[in-house]
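Good morning, colleagues. Please look at the model on the screen while I take you through its architecture and its contacts.

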Amino acid sequence: MADEPGANVATTTDPEAAVGPSASLSNGKPVSTSNLHFANVKHGGDRSFRAGAIAAAVIVVLLVAFVGVFLAVIATPSLRRDTVNFFTSTQWNVGADAPLQFGIAGLLWTTALTSVVAMLLAVPVAVGTALLVTQYVPGRIGSLIGFVIDLLAAVPSIIFGLWGLKLLGPFLGPFYAWLQHVLGWIPLFSKGVESTGNVLTASIVLAIMILPIVSAMSRDVFSQTPRDHIEAALALGATKWEMIRTAVLPYGQSGVIAASMLGLGRALGETIAVMIILSQTNTPGINISIFAGGETFASKIANNAQEFDSPAKTGAYIAAGLVLFVVTFAVNAIARVVADRRVR
Amino acid sequence: MSATSTTLAAPGGGRRAKDAAIRGLVYLSAVVAVVPLVWILVSIVSQGLPAILSAAWWTQDLAGTTDRKAGGGALHAIIGTLEIGLVTAIVAVPIAVMGAIFLIEYARGTKWARLVSFMVDILSGIPSIVAALFIYTLMITLLGLGRSAIAASFALVLLMLPTVLRSTEEMLKLVPDSLREASYALGVPKWRTVVDVVIPTAFSGIATGVILGLARVMGETAPLLILVAYARNLYLSPTTSNMGTLPTMINSGRNVAEALPGYERVWGAALTLIILVMGLNLLARAVARASRLKDR
């Protein structure tokens, strides 16, 4: 490592270095002039390069700020003209002829339900794989398993959507029928849509999509468990599971929470897979069943992407996007705070 | 603690059974995690292979075909995906690399670095649909421009920036200070030190980040749905309002009936996209691995 860059330094910087100090010394000129000249060169290049770096940082900060501001500005006129309560209504009539009626209650429910169920499904599996990789199998096999799980993150979301729509949903159909038969008396499992494009299918696909994120972060924290804690537990006669429960899990707890929050944030905003899988329904109100269809914030916007024809209509969808932005911002910020606390 | 040690002191069959049960669950979790991946890959490859094996797939667009008519290929979508990805990278990579240089070389440890770093985290959590709406409000609602491929690229810049910035930052962190100091000692100004010493040393890591970022944006669909209309013909100009891409090709054909020729093309597009995106991911890993081996 040291060889190559070292050689690099010598070759690339030689000319400048030669013009600098060495030239001035051999000529016997006062060092101060050459220093002055040198300082000038350094100053100009340095100043503009530094400005470039600062500009890039400013762009990053402004982008995030602008996302919120622009969405709010464009959504405001439509929100003012909204004739129903934006937060509690399930109406969505944004055609040009009638008064604007749009509310996000239904979107909020479906978004939250799909994402939370996805997180509940994904986190135990992710923690299990992370424990397997870090505690149960030798390092080489562990990194191979980790590699395969990470490959899931490389599958584009449209492919997950296609798979969920065409293969996973139909495959789980009989299981859904059975589940509904057994647990149908609970409102959460009551009758929903006829197709298998329901909340549960979307949740399972979302769970698979966030699994690699949660798994990779959990692996990171579990692998950092202090050796002393592990050995102390084992020396006390703990079984492997008791060691994990008393040493690894407490140490990794906040890391796993942060990872779960990041996964939740990802699930809340996932668009195309949910849009493809979830059946849209025309029934008013909210069906709270996991066998219901519906739309999330993201799928609602994407489904109607080609209909942004009037400013009022566009504003309604952008208002929904703004809520999604605020929610994901909050979830990610919490994840960041939890992760930071762990480091200290 | 004493309570714990008393329970630990008596190893009984119950404890051992529990340990074995957990071990079983842990192994099961890996199976549960791997099954979907294998299922997806096998089904996409087996259903998509017939379509992509024909030469026409790689050399023709879908002009003049319908879902009921066989023939044609995915050239328009492949070129569209590559072009949009390339334009995105051209815009995103310089900003990302300079942003990382700001974080590590100029603002390390300051509150400005913490602010920018926090914003990068937020940016990486922004849903793609929100990024798309932002560009929509900016370019279409406010500036009055139409939908275009380049608008989609700009939305994807928001998604690529954090990926490249983070991986560049991580690599710049790993460049030893002794290299920088050696360069300063030779009288090299700071900016030349960064350009000629720090960046070349970190190059493989930056390349990994760029490739991973490309893989991420090439697989994205939502911004394309909102910002550019799907076209069955090959269009090359970045400012065109209609451009085919692999994700939108899949999306536009997802409800085609199984018996029609268009159905096979959907799976063909899915396989092509998987090959492209997974290929980039594996390439990124290979680059990262090669540089790690060189370090030893």
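Helices and strands here are DSSP runs, with helices being H or I over at least four residues and strands being E over at least two, numbered from the N terminus. The model is a predicted one, in which local features need pLDDT of at least 70, side-chain atom pairs count only at pLDDT 80 or more, and totals for chains, interfaces and linings use all residues. Residues are numbered from 1 along each chain as its sequence is written, and chains are lettered from A and ligands numbered from 1 in the order in which they are written.

I begin with chain A. From the N terminus, its elements follow the order α-α-β-β-α-α-α-α-α-α-α-α-α, which comes to eleven helices and two strands. A residue is buried if 20 or more other C-beta atoms lie within 10 Å of its own, exposed if 12 or fewer, and partly exposed in between, with C-beta atoms placed from the backbone. By that criterion, 46% of the 344 residues of chain A are buried.

Where does A:Ala51 lie? A:Ala51 is found in helix α2 of chain A, and it counts as exposed because it has 11 C-beta neighbours inside 10 Å. Its C-alpha atom is separated by 47 Å from that of A:Gly106, 55 residues apart along the chain.

Next, the contacts. Two residues are in contact if their C-beta atoms, placed from the backbone, lie within 7 Å. Among contacts in chain A between residues at least 6 apart in sequence, 75% join residues at least 24 apart.

Domain bounds come from an automatic or database domain assignment, which gives chain A domain 1 (3–81) and domain 2 (92–343). Ten residues from domain 1 of chain A and nine residues from domain 2 of chain A take part in their contact. For residue classes, Ala, Val, Leu, Ile, Met, Phe, Trp, Tyr, Cys and Pro count as nonpolar, Asp, Glu, Lys and Arg as charged, and the others, Gly among them, as polar. On the side of domain 1 of chain A that touches domain 2 of chain A, seven residues are nonpolar, two polar and one charged.

How many residues does each chain bring to the contact between chain A and chain B? Chain A contributes 81 residues and chain B 82 residues. Helix α2 (residues 31–81) of chain A supplies the largest share of the chain A side, 21 residues. By class, that side has 55 nonpolar, 19 polar and seven charged residues.
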